[in-house]
Amino acid sequence: MARTSGNSFRIIGIDPGSRITGYGIIDVTGSEFQFVCCGVVKSTASHKFPQRLKELFDGIHLVVSEYKPECAAVEDIFFAKNPQSALKLGQARGAVIMALVTNQLLVDEFTAKQVKQAVAGYGQASKAQVQHMVRVLLGLTSSPSEDASDALAVAICMANHLGGILSPDKL
């Protein structure tokens with residue numbers, strides 16, 4: 001795995017959605033996290049669904065090309081209100097994952113419960129608690145949008161997961 005510098009590595013976290021997909025990028029050095037950027041990729045509601053999937057693919061591809069993370073984490077589907085929503089979310093996740101693997105990134109998936117546990121210490125934490133902990137852990141002066149904050153939480157979860165795997169004695 002390539003390194004950003006020394007023992008530091010860059011992670012992109014993704015909170016997929018068929019209309020809005022959040023992304024968050026952090027650099028990790030040891031147990032320290034440094035905020036790089038975050039934002040959202042929006043698909044155009046008036047476009048047909050296949051075109052919207054391409055917009056998500058292109059948007060994430062562009063972010064990866066610009067910031068060059070070494071690995072990626074995507075939030076897994078945990079529930080959907082109806083089967084049609086679940087199918088669309090699954091297709092959006094597929095478009096996003098393809099954008100990541102097209103850039104030769106290692107992609108891992110985490111459930112919302114795993115992400116909440118890693119960031120807030122409690123698998124049933126509220127969105128507000130997760131947003132607050134993302135701010136605290138990354139030393140941010142304000143909260144990013146909900147989708148971007150969720151994506152940063154996914155990146156932090158990946159960093160915690162990789163902590164034992166990428167310890168200095170294993171590099």
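Predicted model: local features only at pLDDT ≥ 70, side-chain atom pairs only at ≥ 80, totals over all residues.
The model contains an open sheet of five strands, arranged in the order E3-E2-E1-E4-E5 with mixed pairing. Strands E3 and E5 (106-110) form the edges, each pairing on one side only. From one strand to the next, the twist averages 20 degrees.

Both senses of pairing can be followed in individual strand pairs. Strand E2 (residues 20-29) pairs with strand E3 (residues 32-42) in the antiparallel sense, over 10 bridges. Thr-29 has Glu-32 of E3 as its bridge partner. Two residues lie between the strands of this hairpin, and Gly-30 adopts a positive phi near 60 degrees there. Strand E4 (residues 71-75), by contrast, pairs with E5 in the parallel sense, over five bridges. Here the bridge partner of Ala-73 is Asp-108 in E5. In a regular strand, side chains alternate between the two faces of the sheet.

Helix H1 (residues 49-67) lies across E1 (8-15), E2 and E3. Relative to E3, helix H1 runs at about 150 degrees.

Five salt bridges are present in the structure. One of them joins the side chains of Lys-54 and Asp-58, with an N to O distance of 2.6 Å. These two residues are four apart in helix H1, and so are separated by about one helical turn. Lys-54 is partly exposed, at 43% relative accessible area, and Asp-58 is also partly exposed, at 34% relative accessibility.

Two further salt bridges involve Arg-93. In the salt bridge between Asp-76 and Arg-93, the closest N and O atoms are 3.7 Å apart. Because Asp-76 is in the loop between E4 and helix H2 (83-102) while Arg-93 is in helix H2, this pair ties together parts that are 17 residues apart in sequence. Asp-76 is partly exposed, with a relative accessible area of 28%, whereas Arg-93 is buried, at 8% relative accessibility. Arg-93 also forms a salt bridge with Glu-109, with the closest N and O atoms 2.4 Å apart. Glu-109 belongs to strand E5 and Arg-93 to helix H2, so this pair ties together parts that are 16 residues apart in sequence. The relative accessible area of Glu-109 is 39%, which means that this residue is partly exposed. Through shared partners, the salt bridges join Asp-76, Arg-93 and Glu-109 into one network.

How values were computed: Residues numbered from 1 in each chain as written. Heavy atoms only, no water. Pairing = 2+ DSSP bridges. Axes fitted to C-alpha atoms, helices over the stretch in contact; angles between N-to-C directions. Contact = heavy atoms within 4.5 Å. Salt bridge = Lys/Arg side-chain N within 4 Å of Asp/Glu carboxyl O. Buried < 20%, exposed > 50% of the residue type's maximum accessible area, 1.4 Å probe, protein only.
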